[in-house]
Amino acid sequence: MREVDLVIKQHLDSDVPLVGQVSRYIISAGGKRLRPALLLLMCGALGFKGAQRFSLSAVVEFIHTATLLHDDVVDESALRRGNATANVTFGNPASVLVGDFLYSRAFQMMVDVGSMPVMSVLSEATVVISEGEVLQLMNMHNAELDEEGYLQVIRSKTAKLFEASARVGAILSGATPEMEAACALYGQALGTAFQVIDDVLDYTGDAAVMGKNLGDDLREGKATLPLIAAMQRGNAEQRTVVKLAIENGDVSAIDQVVSIVKATGALEVARKAASDEAARAVAAAEQLPDGPHKTCLLQLAAQLLDRQS
């Protein structure tokens, strides 16, 4: 990861000072670096030690960071990782345009690596992520969204880059098609579990620990799995409260909504869904060669359910 950070710093340089300033602001704000770590772990598990793994780990982090910059503008978010978002600090135009710069830089770096299979996977991922973002936008304030529709959004918007990161690690390692598919499945399942738990934390977490405001999903009118399950399991009055809160983005109802989510067992439903995805990830990772990297991937999937931020 230190090598990846060096690559990131090298490629944030621009003749336009604001580009580097905004890029460094969001990239240095912390974050779990899960996607590049996933790529490196797959390479380690499959025995690939070439320098391309550092460049492509930086690429997936750039793609992820670009989506964050755009997301925060669309969602009008004010807090991320405990800091003011880039759009609050520098303004919406700068955030959108620097997001575009990071996407462009990522593709420039992909070309330098010179692998068509890798370019194919990552370019497809960016398309699917963009589609997922538009799909989520279309579903804002839609209280009729069901679990299938919710999963379609998060598998496109969040899990796809996890999947692509794991698949790229397999491609670099010259893995068989079967092993590549197992790595991709691990990434997709891990990314899905990650997002479901993230959505649970919006109704159970500690804002200081999470680094974002609780109730942001409700304010944005997102019908996440805890709310979908609450409406499925609640009585008529409870369903009406949650439905109106989603449709109106009514954060003033957050305490009432949290009580309903807890009372209906919706959190347990969501955690079970995340647990099922984590189990899918574990089953896929079991196909990797034994060693410390495989052990780490198995632990990552198991511990994901306990995260608090």
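Leucine 122 is buried, at 0% relative accessibility (buried means under 20% relative accessible area, exposed over 50%, partly exposed in between, with a 1.4 Å probe and protein chains only). The model is predicted: local features need pLDDT of at least 70, side-chain atom pairs count only at pLDDT 80 or more, and totals for chains, interfaces and linings use all residues. Residues are numbered from 1 along each chain as its sequence is written, and side-chain values use heavy atoms, with hydrogens and water left out.

**Leucine 122**
- Leucine 122 lies in helix α7, residues 116–138 (helices are DSSP runs of H or I with at least four residues, numbered from the N terminus).
- Beyond neighbours within four places in sequence, leucine 122 is in contact with Leu56, Val59, Val60, Met110, Ala164 and Val168 (contact means heavy atoms within 4.5 Å).
- Arginine 167 is 45 residues from leucine 122 in sequence, with a C-alpha to C-alpha separation of 9.4 Å.

**Helices α1 and α4**
- The axes of α1 (residues 2–10) and α4 (residues 52–75) come within 8 Å and cross at roughly 65 degrees (axes are lines fitted to C-alpha atoms over the stretch in contact, and angles run from 0 to 180 degrees between N-to-C directions).
- Glu3, Val4, Val7 and Ile8 of α1 make the contact with α4 residues including Phe54, Ala58 and Phe62.

**Cysteines**
- The number of disulfides is zero (a disulfide is a pair of cysteine sulfur atoms within 2.5 Å).
- Cysteine 183 is buried at 1% relative accessible area, and its sulfur is 9.3 Å from the closest cysteine sulfur, in cysteine 43, too far for a bond.
- Cysteine 296 is partly exposed at 31% relative accessibility; its sulfur is 14 Å from the closest cysteine sulfur, in cysteine 43, and therefore too far for a bond.

Note on methods:
Helices (H or I, at least four residues) and strands (E, at least two) are DSSP runs, numbered from the N terminus.
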